[in-house]
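I will write down what I looked up, in the order in which I looked.

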Amino acid sequence: MGKKGDLSNFERGMVVGARRDGLSISQSAQLLGFSRTTISRVYKEWCAKGKTSSMRQSCGRKCLVDARGQRRMGRLIQADRRATLTEITTRYNRGMQQSICEATTRTTLRRMGYNSRRPHRVPLISTTNRKKRLQFARAHQNWTVEDWKNVAWSDESRFLLRHSNGRVRIWRKQNENMDPSCLITTMQAGDGGVKVWGMFSWHTLGPLVPIGHRLNATAYLSIVSDHVHPFMTTMYPSSDGYFQQDNAPCHKARIISNWFLEHDNEFTVLKCPPQSPDLNPIEHLWDVVERELRALDVHPTNLHQLQDAILSIWANISKECFQHLVESMPRRIKAVLKAKGGQTPY
């Protein structure tokens, strides 16, 4: 049996061409693989109307949400990105003569390009810190990858045995991931889980130091003298290295500042602006550790196992991974400049 039913415009053109070339219905059906009934119908339609395009493309149930309705639905999304499908449907049906169901709402939103996504998490940046970020980016906008290779990055992080699912979802289009209405701001976390301090540069991963308590100035001084100093003098013997640290209170303590002053002939301290994890590529290494922890076949059941797993994952991060992060710094600086000190995708 040959193909029955409606044909594409291209196939309809082939049928008409075969018949105009003098082939019979049977010969056309055998050549093209369509049924004799289909060949006859398509050719008769062409003879009557002079068209090969199908008139059946407009068949089917009429769309319940027209262009005006789509604009109304778009305004509902813009007003509340976190609205559920039920809430959107209920709000849309208010004052409408013909109501729609949730399935129609979902289909319409997809047709408009909207999908339900988890919001992009970014730090809450104050006006003052936005200016500081912009100043930092302007001061380093001419730095090349070679310049950034001289920086050793550091930070603290905390890893938990159990994670909150954070099931907040928003409606957005593909290119709206950094729209302010599609973001969720984060604050610095408190104590709990396993806390570690680490550092790295383009050349190598540095030490990862477990922190058994809240990091104060005294404990940080031990880290700086026992880990930062030997790393910097070994990796940058020409005293051309920069040690990056954030603005945590213990980093700004007097005993820390005095220690750095005593060693300013060996390396320079590079202070990143506050609320700027996108300007510290070590943040992405913490993400790597987090993903690897969640991917473990056997998950840690106590803090000791968790600490061992973190140290093992850190030691096995590939060189290509952390070098790529350092090489992204010129792009990060450009992104901050473009955002005028605001949030960036990094």
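This is a predicted model: local features need pLDDT of at least 70, side-chain atom pairs count only at pLDDT 80 or more; totals for chains, interfaces and linings use all residues.

Residues are numbered from 1 along each chain as its sequence is written, and side-chain values use heavy atoms, with hydrogens and water left out.

**Entry: overall make-up.** I found 14 helices and 9 strands in the chain, taken as DSSP runs numbered from the N terminus (helices H or I, at least four residues; strands E, at least two). Of the 346 residues, 39% count as buried, where buried means under 20% relative accessible area, exposed over 50% and partly exposed in between (1.4 Å probe, protein chains only).

**Entry: strands.** I followed strand S8 (residues 242-245), which pairs in the parallel sense with strand S3 (residues 151-159) over 2 bridges; two strands pair if DSSP finds at least two bridges between them. S8 also runs parallel to strand S9 (residues 268-271), to which 4 bridges join it. Tyr-242 stands opposite Val-151 and, towards S9, opposite Thr-268.

**Entry: cores.** I then looked up the largest nonpolar core, which has 34 residues, and found Trp-148, Trp-153, Leu-285, Ile-310 and Trp-314 to have the most contacts inside it. Such a core is a set of buried Ala, Val, Leu, Ile, Met, Phe, Trp, Tyr and Cys residues joined through side-chain atoms within 4.5 Å. Among the elements that give two or more residues to this core are S3, helix H11 (282-294) and helix H12 (303-315), and H11 gives the most, with 6 residues. Apart from this core lies another, of 23 residues, among them Ile-211, Tyr-236, Cys-250 and Phe-260.

Leaving aside neighbours within four places in sequence, I listed the contacts of Trp-148 (heavy atoms within 4.5 Å), including Phe-136, Trp-153, Leu-270 and Ile-333.

**Entry: cysteines.** Cys-272 counts as buried because its relative accessibility is 4%, whereas Cys-101, at 42%, counts as partly exposed.
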